[in-house]
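Please find below my notes on the model under discussion. They are set out as numbered points, to be read beside the sequence and the structure.

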Amino acid sequence: MASTSHASEFFQVRNENQFARAVPLPVLLPGAPAAGQLDFGARLELSSEFASLAAGDEQLLADGEIVTLGLSVSGRYSENSHWSVRLPVRYQGGGFMDDIITDWHDAFGLPQGGRDTAPSDRYRFAYARDGELVRNVTNTGARLGDMEIAWHYEPASGWLFGAHLQLPTGDEKQLAGGGAWGGAVWVTRSGQIGRLGGFLSAGASANERGDVLPEQQHRVTPFAGAGLRLRVFDWATAVTQVYVHRAPFKDSEIETLARDSVQLSVGAVFRPTDSTRLHLLFQEDLGVYASPDFSMQAALYW
């Protein structure tokens, strides 16, 4: 189907905020393999988070860098449907990008949000409420994330229905996973005119109450996405995408927990061979504090 080949030229992204892992957010428009073939993927993503916020009786500190290696495999179930399995491995630590991001913000006159006065290369994610330290994560290290299994059905060219199951294989106490079973369903409409293509998606996720901030967690989270791509050359495509979703938590005035997320992804997809795609992109947090304030990703699919 036409939608299958075009889907492989969009980014496989979503919000990688540490606290947002409580929500089973899916990849909206994944690439699909040809009949009789398996498609493998390796995604390397570097995300930097910093927020030092206080509101009423709440305080939150989010400071750290996370390197994610996401491994995936997908195959065709039938002519109109395909499946995928994903497993992320994360290294959570202080990183090295604090000074680089501070200089970047200075160069373009962007607000620092307190990053320039915070200790460099620190790793700590903490949340306090009513004088009680509800969550305090300081241990660095490599950890498994939550495994994802997805099924996608293409009833007609340009249409995709998706279903996503998230398994609690990550350590929620270290914010490597959500700590609960969850799933999502969504619909995507895509199209192309000449070298220009695009898509619109909308859906909702639902989950058990996890262990990240269980008393404040939303059980249902609507989400949506949109993307545009321009085939610049036969081997290179420029891509811009937006992913939005409702705030993961309620009963909070802290933006990281209670603000809806709007994440912008900009980059390119290269095709060194007919069966290989290289994705290079960066992401910005348009919602401010609701997703990592800076992310870079390189992904190879074959």
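**Notes on the predicted model**

1. Glu16 and Arg43 are both buried. The model is a predicted one, and the remarks that follow should be read accordingly.

2. The partners of Glu16. Which residues meet Glu16 in salt bridges? One is Arg43, with the closest N and O atoms 4.0 Å apart. Glu16 lies in the loop between helix 1 (2-7) and strand 1 (38-55), while Arg43 belongs to strand 1, so this pair ties together parts that are 27 residues apart in sequence. Another is Arg90, whose side chain meets that of Glu16 at 3.3 Å, N to O. Because Arg90 lies in strand 3 (residues 81-93) and Glu16 in the loop between helix 1 and strand 1, this second pair ties together parts that are 74 residues apart in sequence.

3. The structure as a whole holds 16 salt bridges.

4. Asp63 and Arg122. These two side chains form a salt bridge of 2.9 Å, N to O. Asp63 is in strand 2 (residues 58-78) and Arg122 is in the loop between helix 2 (98-107) and strand 4 (124-129), so the bridge ties together parts that are 59 residues apart in sequence. Are the two partners buried or partly exposed? Asp63 has a relative accessible area of 1% and is therefore buried, whereas Arg122, at 24%, is partly exposed.

5. Nonpolar surface. Leu44, Val67, Leu69, Leu71, Val89, Tyr91 and Leu144 make a nonpolar surface patch of about 570 Å². Strand 2 and strand 3 are the elements that give two or more residues to this patch. The most comes from strand 2, with 3 residues. Leu69 lies in strand 2, and with a relative accessible area of 37% it counts as partly exposed.

6. Negative surface. Asp99, Asp103, Asp106 and Asp121 form a negative surface patch. Of these, Asp99 has its place in helix 2.

7. A buried serine. Ser295 is found in strand 15 (residues 294-301). Its relative accessible area is 1%, which means that Ser295 is buried. The side chain of Ser295 is joined to that of Ser47 by a polar contact of 3.0 Å.

8. Backbone points to check by eye. Most residues other than glycine have a negative phi. Against that background, two residues deserve a mention. Leu175 has a positive phi near 60°; this residue is found in the loop between strand 8 (159-167) and strand 9 (182-193). With a relative accessible area of 0%, Leu175 is buried. Tyr289, also not a glycine, has a positive phi of about 80°. The place of Tyr289 is in the loop between strand 14 (276-285) and strand 15, and at 23% relative accessibility Tyr289 counts as partly exposed.

How values were computed
Residues are numbered from 1 along each chain as its sequence is written. This is a predicted model: local features need pLDDT of at least 70, side-chain atom pairs count only at pLDDT 80 or more; totals for chains, interfaces and linings use all residues. Side-chain values use heavy atoms; hydrogens and water are left out. Helices (H or I, at least four residues) and strands (E, at least two) are DSSP runs, numbered from the N terminus. Buried means under 20% relative accessible area, exposed over 50%, partly exposed in between (1.4 Å probe, protein chains only). Patches are made of residues with over 30% relative accessible area and no salt bridge: like charges are joined within 9 Å, nonpolar side chains (Val, Leu, Ile, Met, Phe, Trp, Tyr) within 5 Å. Accessible areas come from the Shrake-Rupley method with a 1.4 Å probe; for residues, only the protein chains shown count as cover. Lys and Arg count as positive and Asp and Glu as negative; His and the chain ends are not counted. The place of a charge is taken as NZ of Lys, CZ of Arg, CG of Asp or CD of Glu. A polar contact is a pair of N or O atoms within 3.5 Å; within protein, one must be able to donate a hydrogen and the other to accept it, and residues adjacent in sequence count only if both atoms are side-chain atoms.
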